[in-house]
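Here is a short briefing to read with the structure open beside you.

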Amino acid sequence: MSEEPRNSSCKHKLFTCGDKGSILVVVCPPPLNPLQHKLATRGRKKISWLVPGSLSMAYEDDWSKAYYALIFQEGGGFYLEGDMDSFDEPQCNDVIVSWLVRTLSNIGVQQNMLATIQYILSTKVFKSV
């Protein structure tokens, strides 16, 4: 099977955060790995530590971009890539967290895991949510 059809079941969206930049979100159902998606090339190169069920992160050397990934034990999960300032934009963050949690719910992520993910996003990724 080629890489493109496997990635086609992943959902992705680019959120523009005013003049602060943008954030790319990729969500994949199990067993796909969002870091293997064609849009996650930068993050795949930067994120060197990946443990299922834990938030993995990496940053550009000049701190201009951030990369986050959470992969589930059975595969699937999400990937975020964006300008550092974008993660501090409250209006953008609310929309992204809402879309991400809803999309994860649609692929079958259980409610207790969604609550954990929402907590992680609000304390580790989007501190202004």
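**A helix residue, a sheet and a lysine**

Ala115 is partly exposed, its relative accessible area being 46%. Please keep in mind that this is a predicted model.

**Ala115 and its helix**
- Ala115 sits in helix α4, which covers residues 111-125.
- Between Ala115 and Asp88 there are 21 Å from C-alpha to C-alpha, with a sequence separation of 27 residues.

**The sheet**
- Five strands form an open sheet with antiparallel pairing, in the order β1-β2-β5-β4-β3.
- The edges belong to β1 (11-16) and β3 (55-59); each has a single partner strand, so one side of each has no neighbour in the sheet.
- On average, neighbouring strands of this sheet are turned by 10° against each other, direction ignored.
- Helix α4 packs on the sheet, where it touches β3, β4 and β5, and its direction makes about 20° with that of β5.
- Strands β2 (residues 22-28) and β5 (residues 77-83) run antiparallel and are joined by six bridges.
- Across this pairing, Leu24 stands opposite Glu81 in β5.

**Lys65 in strand β4**
- Lys65 belongs to strand β4, residues 65-71.
- Is Lys65 buried or exposed? Its relative accessibility is 18%, and because buried means under 20%, Lys65 counts as buried.
- The side chains of Lys65 and Asp83 make a polar contact at 3.2 Å.
- Leaving aside residues up to four places away in sequence, Lys65 touches Arg42, Ala58, Tyr59, Glu60, Gly82, Asp83 and Met84.

Notes:
Residues numbered from 1 in each chain as written. Predicted model: local features only at pLDDT ≥ 70, side-chain atom pairs only at ≥ 80, totals over all residues. Heavy atoms only, no water. Helix = DSSP H or I, 4+ residues; strand = E, 2+ residues; numbered from the N terminus. Buried < 20%, exposed > 50% of the residue type's maximum accessible area, 1.4 Å probe, protein only. Polar contact = N/O pair within 3.5 Å; in protein donor to acceptor, adjacent residues only side chain to side chain. Contact = heavy atoms within 4.5 Å. Pairing = 2+ DSSP bridges. Axes fitted to C-alpha atoms, helices over the stretch in contact; angles between N-to-C directions.
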